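Colleague: Can you walk me through this one? I'd like packing first, then the surface and charges.

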Amino acid sequence: MRCKPGGYAPRRRRKGTYRRDTVPGTGALGHNPPFMKTPFPVSPYLLLTLANLFWAGNWIVSRAFRGELPPVALSFWRWVVALLCLLPLALPHVRRDWPQLRAAWPMLLLYGALGTGGYNVLVYGGLQHTTAINGTLLNSFVPIMIVLLSWLMQGRRLHGREAAGILVSFIGVIAIVAHGELQRLRALSLNVGDLWILASVLAWSAYTLLLSRRPAVHPLAFLTAIGVTGLIFLLPCYLWEMAEGRQVIATPGSIAGIIYTGVFPAFLGYILWNRGVAEVGAARAGLLMHLIPAFGIMLSMIFLDERP
């Protein structure tokens, strides 16, 4: 390559690769999908807030249509809808990033089992037996679990301010669950739905931490890949569920619920969450998941007539 006298030849970047400052997971936002390009910078905290709002709605839909939409069926069809939204935008990036995706297939299967597949089944299964308000409140343990897992899995040291934040967060969750009454806390018992929700907390926390190891591919290619691996994980579970006699009851409301969960929590929610985590890190992003119970309580009171 020719260069100017006294200068240096610029390094050529191999086709199909990203500059380090634009690789998802290295602290930058990554390449913006066409529908997310804006003429001004978007706060990652706004992206994370919107993701949590969409996910709070996800809990409401699952609880409202628990009779018409079995847990695995809702998880399966939600990702079918999400992939239909994704593929027209993501296919060029999937083709370009295919070598990296193929090399990272074990991690992609893990992301699918934990995040796009397992987490949703556990949440929807739990909401068959517990209220949306209880579920979203228990989901508030996610920030605590993320920090604990980062210590156990990655050896990350806990700083004083983070420890204080976890303590305050834990006390806040306990106070909300107990309605500020010590006697109610002593009498507290967990039903099977609550245990499913706690299992989903563990799955989502592990998924969020593992995002730091995702392949250096376009965000839409990554989301498409984990959507596909999630469906691979869900398919045998879905066939088993149907064999057990759990069928989708198609009504205008249940179909609208599937479309909502596919477009907002799955398609937009995961894009916003993954971008936000790439920008601020898993531990800080996890703290914003306290917005889910706030949004969830408000939406449950409006649409489900539940009371905290």
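Modeller: Contact here means heavy atoms within 4.5 Å. The model is predicted, so local features need pLDDT of at least 70, side-chain atom pairs count only at pLDDT 80 or more, and totals for chains, interfaces and linings use all residues. Residues are numbered from 1 along each chain as its sequence is written, and side-chain values use heavy atoms, with hydrogens and water left out.

Colleague: Which residues in α9 meet α11?

Modeller: Trp-204, Tyr-207 and Thr-208 in α9 touch Tyr-270, Trp-273, Asn-274 and Val-277 in α11. Helices are DSSP runs (H or I, at least four residues), numbered from the N terminus.

Colleague: At what angle do α9 and α11 pack?

Modeller: About 55°, with the axes 10 Å apart. Axes are lines fitted to C-alpha atoms over the stretch in contact, and angles run from 0 to 180 degrees between N-to-C directions. α9 and α11 are therefore oblique to each other. Under 35 degrees counts as roughly parallel, over 145 as roughly antiparallel, 65 to 115 as roughly perpendicular, the rest as oblique.

Colleague: Switching to charges. How many salt bridges?

Modeller: Two. A salt bridge needs a side-chain nitrogen of Lys or Arg within 4 Å of a carboxyl oxygen of Asp or Glu. One of them pairs Arg-63 with Glu-306 at 3.8 Å, N to O.

Colleague: What does the pair of Arg-63 and Glu-306 tie together?

Modeller: Arg-63 is in helix α1 and Glu-306 in the segment after α13, so the pair links parts 243 residues apart in sequence.

Notes. Helix = DSSP H or I, 4+ residues; strand = E, 2+ residues; numbered from the N terminus.
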